[in-house]
Every structure is written in C-alpha cells, then in structure tokens.
Number of protein chains: 2
Amino acid sequence: MTFEFTDVFIEKLQGYIESQNDAAITKLFKEVHYADVAEVLEEVTFDEAIYIIKLLDSDKTSDILTELDEDIREKILENLSAKEIAEELVELDTDDAADIIGELSDERQKNVIKEIQDDELAADLKELLSYEEDTAGALMAKELVKVYETWTVAGCMRRIRGQAKDVTRVHSIYVVDKEDKLVGRLSLKDLIIAKSDQKIAEISKPKVDYVLVDENDEQVAKIMAKYDLEAIPVVDENKVLLGRITIDDIVDVLKEEADKDYQLAAGLTQDVDSDDSILDLTKARLPWLFLGLLGGIGAFLIMEGFDDVFSKYAALFFFTPLIAAMAGNVGVQSSAIIVQGLANDDVKGSINSRLIKEMLLALLNGVLLAIVLFLFVWVYQGKINTALAISVSLVVVIVVAGLIGTFVPLFLNKRGIDPAIATGPFITTSNDIFGILIYFLIAKMILGI
Amino acid sequence: MTFEFTDVFIEKLQGYIESQNDAAITKLFKEVHYADVAEVLEEVTFDEAIYIIKLLDSDKTSDILTELDEDIREKILENLSAKEIAEELVELDTDDAADIIGELSDERQKNVIKEIQDDELAADLKELLSYEEDTAGALMAKELVKVYETWTVAGCMRRIRGQAKDVTRVHSIYVVDKEDKLVGRLSLKDLIIAKSDQKIAEISKPKVDYVLVDENDEQVAKIMAKYDLEAIPVVDENKVLLGRITIDDIVDVLKEEADKDYQLAAGLTQDVDSDDSILDLTKARLPWLFLGLLGGIGAFLIMEGFDDVFSKYAALFFFTPLIAAMAGNVGVQSSAIIVQGLANDDVKGSINSRLIKEMLLALLNGVLLAIVLFLFVWVYQGKINTALAISVSLVVVIVVAGLIGTFVPLFLNKRGIDPAIATGPFITTSNDIFGILIYFLIAKMILGI
C-alpha cells in the first residue's frame, strides 16, 4: 500500500520539469500522499523542488511543507513571497501553521500574518507564537469542538456540524461553562448514543484530564502515553479552554526525545542526521571528540607519572586499554540504565540505595571478569603477583566506574539538568582518567613499588 | 491533574490492608486512574498487591493488569485461577486480553479460554494468539466499527449505536462489501454531516490505507507515524477486514524500539530496567563486558608485540588510551548516525557514497584533532618526530574507525540483521584493537624503527 518512489519515477519527473509539462507533473502526483511528495522533493534539485511547489495546489503543498526536512523547508520559504506563504498557512491546522511561521524571522512573521485575510486565524497564530518553545502552548492547536453545558443534544449536533468541518479529527468534544471554563467532555459516540432532547450537562463526563498551557511538552507526552489519551485539552490558570494537543504531535515529541537521548549517548550534539553536510556533522561530532582528546592527554600524563615502574612491570602498561575500556563500558551501562529509568519515571527511592545496588552489581560483574583476567595473566605471564595486582585493580576500577555512572545522571537530574548529557563521551572520558589513575595506584600498592 | 502517590498514601493503604478494612481501600482507590493503581501495586509487597487485586472490581483490575510490569503481572496471574483470569479478560479490548493471555503457558491458555463464556470472544482471542509475535496480527484488536456499502446513513447510525458500545474509540468506520472485503472508510464526522437518506457508498472514501496481517509491527509503526494515521485496518491477503491497530499501540512499539536501540548502544542486552534484580542486570551487562575484556586482552597482546620500542619511545605507549578512546568515540558516532538514519528510512544512496562521505568527515575531524595533539606533544616533549608519528597515526586511526562504524551497520542491515547491535561495545571493542594496531604500525614506520 505504500508508495515506493523509484529512480524511474524521479527521471520521469525531471523530464517533465525540463519540458515544462505541467499537466503531466500534476497527474504524476495526483494519487501520491503528501508525505511521499515531501520525500521526492528531498531527492530532486532545489530548483526542481521550487518548481513543483509552485505548480501544485496549495491545499497539497501546505501539507508537503509540514513534512519536509527543516533545512529544505527553510530554503523553499525563502523563495516564496509573504502572500504565498500566507496562502499555504490557511490550509493548515493552526499548530502546523504556527510551527512553519515560527521558523521565519520576526520581520517576515509580521509580513506573513498581515497577508492572512481571516482575522481570527491571524489572532490564533499570534497567540500560538507567543508561547514559549517546548511548552503545551507551543504544541497545541486552536482547532477543537466546544459545546456549552446548557445546550441540548440536538442543538449540539447542529452546531457541531459547523465546528467539526474545520477539525481534522474530533476525538473529544469539550464541555465549557458560560465563562469558557472546561467542565467536562463528551465523545462523538456518547452524542450519537444519547437521546436528542437530553441536556449536554446530563451526558457529559465531568472528569476530564487537562494540562496547563505552560506545562513542559515532554511532561505532556508522558501524561498522554501513561493514561492512553488521544487528545488532551490545554487550559490557562483559570481553567479557560485554550486549545488541544493530539496524539500525533506527541508521537513526534517522543521520537525527538528518544533521538536526542540516543545521539547524546553516542557523542553527537543533537539534531543531525546522516544527510546533513560534512560541516554540520563536524560541528556535532568534534566537541565530543575534543573532550576525548583532552581525556587521552590526561591519561598520558598519568601514565607518564608512573613510568619508573615500566622496566619491571611492562605488562601493567599494556593493560591500560583494557582498564580504560572496562571503565568506559561499565560507566555507560550504569548511566544508560539510570537515564532510561528517569525518562520513564521508573527511578524511585534514594540516591544512596541506587548507589549501594550499583556497587553490589559492579562488584559481582567485576569479580567474575577479574577471575578470567587473573587466570589469563597468570597462565600467560607466569607471575602471580602481577596477575593479582591487575585483577584486583580491575575490580576496584569497575566498582568506581559503576558508581560514577550511577551518580552523575542522578545528580544532574536533581539539579534540573538533562541527565542524558552524562552518558556517552562524558562518562567514558572521565572514567578513562579515573580508571587509569586508580589502576596504577592500586597496582603499585599491591606490587609494593 | 496527575496523581502523585506519597509515602503517606502507601502507609495508609498498608494500614488498611493489615486491618482488612476493605471499604476504606476501595474508597482510597475510587478516583485513582488504573495506570496509577498499577504504580502503587509495584511499590507494595506482593501479598498486598494480590490482596488489592482480589478486592477491586474486575473492570478496574483488568486495566490495572495491562499497565503492570511484566514480572509482577506474571506473579499475580500465577495466583489467580483460570476462571478469575477469564473474568478479567472479558473486560478488556481483545488486543490487551490477547497480550495477557499470551504470557501464560499453553496449558493455562487453554484452561482460561475454556472459562470464557462468550464464544465469539473466545474465538477472537484464539485467532489473535495464532499470529506470530511482532506482526500486525499480534498487535491488532478485533473491535472495530464495520458497515456495508449498501446501507443508508440512517440505517448505519442505528447499527453503529450497537457496535460502538464495545469499541473504546471509534476513529474510522470501515466500509466493506458483501464478502467483508475492505472497500472504503468513513469518519463519524462524515456520518454526522451527511443526510440520513444517503447511501454509505456515496459518502465513503474509497482510498483507505491498510496493512496486511503478517506485516512487521515496526513497519506498521513507521507507516502510521509517516502518514499521521490514528488507526489502520488490518486485512488478509484477500483484503478481508480482520482487525484494527490504533495509535496508542504504536506509541508502545515506538517506545520499545527506541529503548532497545538505546540499550544496545549502551551495551545492555535489551529489556532490563533499573528496578530489575542484580542477577537480571548482570545477565544484561556481563556479556558485553566480557567482550570488552577480550578486546583488552587483544590490545595487550598487540602492545606486547611492540615492547622493544618502549625504551626509546615510551610516549607512544602512554598515548594508547587516547588512541583507543578516539577510535571508540568516532566509531560510535558514525555507527549511531547510520543506525538512526536506517530506523528513520533516511539512508539513501549506495554504501560507497556513504563511506566516501564518512572518510572525508573523519579526515576533517582527524586533521583538526591531530593538529592539537601535534602541538601538545611537540611543546611538551620537544620531539617533533614523535609528535608527527603520533598525530599522523591518529588521523589514520580516526578515518579507519569512521569507516568501520559506517560500514558495519550498513552491512548488517543489508543482511537483515538489526544494525543497532553494531553500536556500543561491539564497535568500541573492535575499534580499540584495530586502532592500537594501526597506531603502532604507522608510528613505527614514521619513526623508522
């Protein structure tokens, strides 16, 4: 059922553009979903994309714009006049329109809004643009179906016919009092099942979940996912109904959040993808690599400080990559579990109890691994002292790495900082340095040097 | 608006359980959402949880069961009779009921289904259990609203009143022909807006997205997210309508997939969380750590092979943690970008063009980092030769690490293996070994030893 665009499709399209065969292009895209058209536009040249956008109807191109990659959309919008952009926006739901207009400069935002004929829409967009990023207000749409508690079912059905035309998906009907305060909700199903002379107040459900307009969007996503909500009304501090957030917006928030955590754990500044330019990718990757470089220089300085023991215990030095790798791996494992637990609100109890658990866990893992390492060094080198020194150090390094990996994200979270920053290169680099330092100190102690 | 359970709440609850004050317990939970009750049950002792489950009404406990952690649910189900489980199941949508029953042994599954009085429900559950895991069939519910194309709007409304009572959320109404083949869809809104004597065939939309019953669930999630669908019908190979998948199930699939990728990247066998036992966590962590240990032993053997150059170029050895860390970081960065791109269907073009891009990117990053390292070694040690050898090696190591990080997930994906396995410890370990080997070989060459 999905559209798979092929090289043949692209070639055909480019041929039509070259020969300016507009009818053929329109026909080619007739049955294609806007999300697929967006993918096609990302494959052709920029001039070709502009040609197609200007050719197709604005009810289709507006949806295409919402699906495009931000970089490409920005370039396309630069090539459209304020009036042309306004024509696209009126076709969209207010939340999507506000997202697009929000990417423009303040100057252009004003010009575009001036071009919107519908005063109510212009006011709605201005309101949506006024909310801070990453809040419920910035995520919500103004489109919703609202009824007054004093109406009858029959009157309500009549009026809903009018309102519902503008609302893509109805989900819930929100019931308000005469001051527009949210007092209940109804489903279309309730309305269909009810008798036509019943009052709305009689059939509406008074228990209605809602979020405040300044609530953080990740929090909204958590609430909607936890309570399996498909839409949630947004209210101000007086409970006046302002808008509504639907589950498809939440899917995007959840996806972005997961992508961000994953990228941070991998040592990427968020918001890059594999199709970005080499320069953008360098900006995302280089800072973390530079951190790793500094860590490596730190490790160098530590090892240099112990170089007098090399002649007698060269093996100690040859095991530093192993020690660094184990410290890094354990640190990432323990911090990832905490970061994911925090994201899912799964981390209960005190920091101390977490640290004790991690210590026991790291101790168990460390001892098991140390036994293997001990046997290897003993058999391979025949020196039981060296084997003992390296294995005992490994256990201590693993325990400390686990504790750092557990503590840092919990600490950051307490301070209101995104704990995901703590995973990846940050933990591996600090654990490399601590690990190697601890390793040499303990090994020296055991070997009595 | 959300329920925050406190220690006081738990203490009060435990007091009531001790004094067997059932009325007070029921009252305590009266206004609490089932998702919150599930969280409370995860905090109290197992016996207390069982006590509460047996006390509350089955229309509430059935929903609570769906929200519980799998381990706890399993233990609770062991304490319920087949009849008691059947009573819970009839309260649930078929997809949730099938998920719960699917966790039981084959023997118990049969016993529970035998206890279900409603023959149609029993048949539906048997059907759902017959689909393979991770397919559309295993994800779908049998509940949906279905109308025949020959019906009128008025007749349709009458019959929908009957069907819709069993369907939590209506979303779309599916239009079928007399052979139950899917031929179109309608929204409740369309129906409300239409005139009552119109035929369904006149107002239904013939273009309806659907998925086949054996489609992979991650693919279904991608389709629904891409096309912003809130529900999608599931059909068999003859297009006969079998069931429907709703967006809330997809939210779970997306979350699970993101969690799995994140955990693999962090070196955790999937499906652990911070509340699991130390033994479970060890099982998830130890295999990857053991892999790291083997890698470390490999690095040891390589360094030992070069130990004759130590007396003259000790600094070379002190920089091995730096080389290993950089190789690991670059490898994880490049593989993470590919893994994420593959998950989002963003990776187009040939493997070769990806590798060329990564080579240029790694070269750029590598040269910038090598300049810093060169200056440090030169200034600190005063040996321009050593500085040059180490910096040039670093560039080569970074390029090779980037290529391995890019190639491995692309290669795994081509072979139909989950590319997420390639990130994390797998890439860091292999890059450690390759990195250190390349580093010594090149440094030796440049220093002419």
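Colleague: Leaving aside neighbours within four places in sequence, which residues is Val153(B) in contact with?
Modeller: Val153(B) touches Leu191(B), Ala194(B), Lys195(B), Ser196(B), Asp197(B), Gln198(B) and Ile200(B). Being in contact means that the C-beta atoms, placed from the backbone, lie within 7 Å. Keep in mind that this is a predicted model: local features need pLDDT of at least 70, side-chain atom pairs count only at pLDDT 80 or more, and totals for chains, interfaces and linings use all residues. Residues are numbered from 1 along each chain as its sequence is written, while chains are lettered from A and ligands numbered from 1 in the order in which they are written.

Colleague: Okay, and is Val153(B) buried or exposed?
Modeller: Val153(B) counts as buried because it has 22 C-beta neighbours inside 10 Å. The cut-offs are 20 or more other C-beta atoms within 10 Å for buried, 12 or fewer for exposed, and partly exposed in between.

Colleague: Which helix does Val153(B) lie in?
Modeller: Helix H12 of chain B, residues 153-164. Helices here are DSSP runs (H or I, at least four residues), numbered from the N terminus.

Colleague: Why does Lys414(B) count as exposed?
Modeller: Because Lys414(B) has 10 C-beta neighbours inside 10 Å. Lys414(B) lies in helix H21 of chain B, residues 384-414.

Colleague: New topic. Which residues of helix H4 of chain B are buried?
Modeller: In H4(B), residues 46-55, they are Ala49(B), Ile52(B) and Ile53(B). Down the helix axis, these buried residues fall within an arc of 100 degrees, so they line one face of H4(B). The arc is taken over the directions from the helix axis to the C-beta atoms.

Colleague: What's on the other side of H4(B)?
Modeller: Asp47(B) and Lys54(B) are there, and both are exposed. As for the buried residues of H4(B), what covers them includes helices H2 (22-29), H3 (34-43), H5 (58-67) and H6 (70-78) of chain B.

Colleague: How many residues of chain B are in contact with chain A?
Modeller: 96 residues of chain B, and they meet 96 residues of chain A. On the chain B side, the largest share comes from helix H17 (residues 278-305) of chain B, with 17 residues. That side divides into 59 nonpolar, 18 polar and 19 charged residues. Ala, Val, Leu, Ile, Met, Phe, Trp, Tyr, Cys and Pro count as nonpolar, Asp, Glu, Lys and Arg as charged, and the others, Gly among them, as polar.

Colleague: Which residues have the most contacts inside the largest nonpolar core?
Modeller: Met326(A) and Met326(B), in a core of 208 residues. Such a core is a set of buried Ala, Val, Leu, Ile, Met, Phe, Trp, Tyr and Cys residues joined through C-beta atoms within 7 Å. Beyond its neighbours within four places in sequence, Met326(B) is in contact with residues including Leu289(A), Leu293(A), Leu394(B) and Ile398(B).

Colleague: Last one: at roughly what angle do H17(A) and H22(A) cross?
Modeller: The axes of H17(A) (residues 278-305) and H22(A) (residues 425-447) cross at roughly 5 degrees and come within 9 Å. The axes are lines fitted to C-alpha atoms over the stretch in contact, with angles from 0 to 180 degrees between N-to-C directions. H17(A) and H22(A) are therefore roughly parallel to each other, a label for angles under 35 degrees. Among the residues making the contact are Trp288(A) of H17(A) and Phe440(A) of H22(A).

Terms used
Helices (H or I, at least four residues) and strands (E, at least two) are DSSP runs, numbered from the N terminus. Two residues are in contact if their C-beta atoms, placed from the backbone, lie within 7 Å. Angles under 35 degrees count as roughly parallel, over 145 as roughly antiparallel, 65 to 115 as roughly perpendicular and the rest as oblique.
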